[in-house]
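Here is a short briefing to read alongside the model.

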Amino acid sequence: MARRLRFAGTDSKNGGCPALHEDTDTGEFIVQGRPLTAPDDLTRLRHLGPEDVAVVVPRELLVNHAPKEMTRVPELIGLDEFGRLFHNFAYSAWHLETRGRYASDEEDPDFAVFLETGEAPMDLDSDWCRTISAQTAAGKYVGRVRVVDNPPTDGQRFLQSYARCNAATGEDARAMWRAEAEAGLIPAEDFWVFDSRLVAVLRFDDQDAFHDVEVITEPAEVLRYVQVRDAAVAMSRPYDAFAAQLGAE
């Protein structure tokens, strides 16, 4: 079925390219212009897939005819696509954990071991640990800050114990008290920031079960999460220093 296209505009004086059309059903835009074909130029483009084409257009076309405002509709991805983000990021991946309970943790056999022994098992051969170890070994930064209640929940104590495993993979594993997070205006959200350009907000149901992910790439929104990351890292402590403080409470 052919797209329903609306002509958005052109700066051509003679009715030719470059031009812009809008798909009125999807909100997508189709850009007409000169293709970029020089191999040396194409190799310098990021994220250009094998079936993608690059088009050269003057700045005026986008300034004059592209939309000036956007009504953001949440973009949701499934768990498989979310998992691929940990293989494909280029420089950094950072996580804020703020929940008192995660249903998936309580279904993990390691959680029962922790409740019985007080220490979470350390399996560096898991898929997660192998993936993160490979990324940090390649020189990439992976970090997280856990927000902990006072007194901590069983789930938070489990994750604090598991932080030994996080650190062993090369993660910068850190923690802070809930009161500190609230005083520092750290939002009660769980999210990952990848390469300071993409945010994956983790969504949970009423039973604390993780079910899908909202992806945000709009620059102003991404910047807000990056600022939260920087504040949380500055206000938190390495997991082992926090554990020592927790044991002294």
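Predicted model: local features only at pLDDT ≥ 70, side-chain atom pairs only at ≥ 80, totals over all residues.

Residues are numbered from 1 along each chain as its sequence is written, and side-chain values use heavy atoms, with hydrogens and water left out.

**Around His21**

- His21 belongs to strand S2, residues 19-23; strands (E, at least two residues) and helices (H or I, at least four) are DSSP runs numbered from the N terminus.
- His21 is buried, because its relative accessible area is 17%; buried means under 20%, exposed over 50% and partly exposed in between, with a 1.4 Å probe and protein chains only.
- The side chains of His21 and Gln32 are joined by a polar contact of 2.9 Å. Such a contact is a pair of N or O atoms within 3.5 Å; within protein, one must be able to donate a hydrogen and the other to accept it, and residues adjacent in sequence count only if both atoms are side-chain atoms.

**Overall build**

- The protein has ten helices and 13 strands.
- Its C-alpha trace spans about 75 × 35 × 35 Å along the principal axes.
- The radius of gyration is 23 Å, whereas a compact globule of 249 residues would have one near 18 Å. That radius is taken over C-alpha atoms, and the globule rule is 2.2 Å times the number of residues to the power 0.38.
- Buried residues account for 36% of the 249 residues.
- Of the contacts between residues at least 6 apart in sequence, 68% join residues at least 24 apart.

**Arg144 in strand S8**

- Arg144 is found in strand S8 and counts as buried because its relative accessible area is 5%.
- Its side chain makes a polar contact of 2.7 Å with the side chain of Glu171.

**Pro238 in strand S13**

- Pro238 sits in strand S13, residues 237-238, and is partly exposed, at 34% relative accessibility.
- Beyond its neighbours within four places in sequence, Pro238 is in contact with Ala173 and Arg174.
- Pro238 and Leu61 are 177 residues apart along the chain, and their C-alpha atoms are separated by 49 Å.

**Backbone spots to look at**

- Most residues other than glycine have a negative phi, and most peptide bonds are trans.
- His47 has a positive phi of about 65° although it is not a glycine. His47 lies in the loop between helix H1 (39-42) and strand S5 (55-56), and is exposed at 64% relative accessibility.
- Asp195 also has a positive phi, near 55°. Asp195 lies in the loop between strand S10 (191-194) and strand S11 (198-204), and is buried, with a relative accessible area of 17%.
- The peptide bond from Asn150 to Pro151 is cis, with omega near 10°. Pro151 is in the loop between strand S8 (141-148) and helix H7 (154-168).

Terms used:
Contact = heavy atoms within 4.5 Å.
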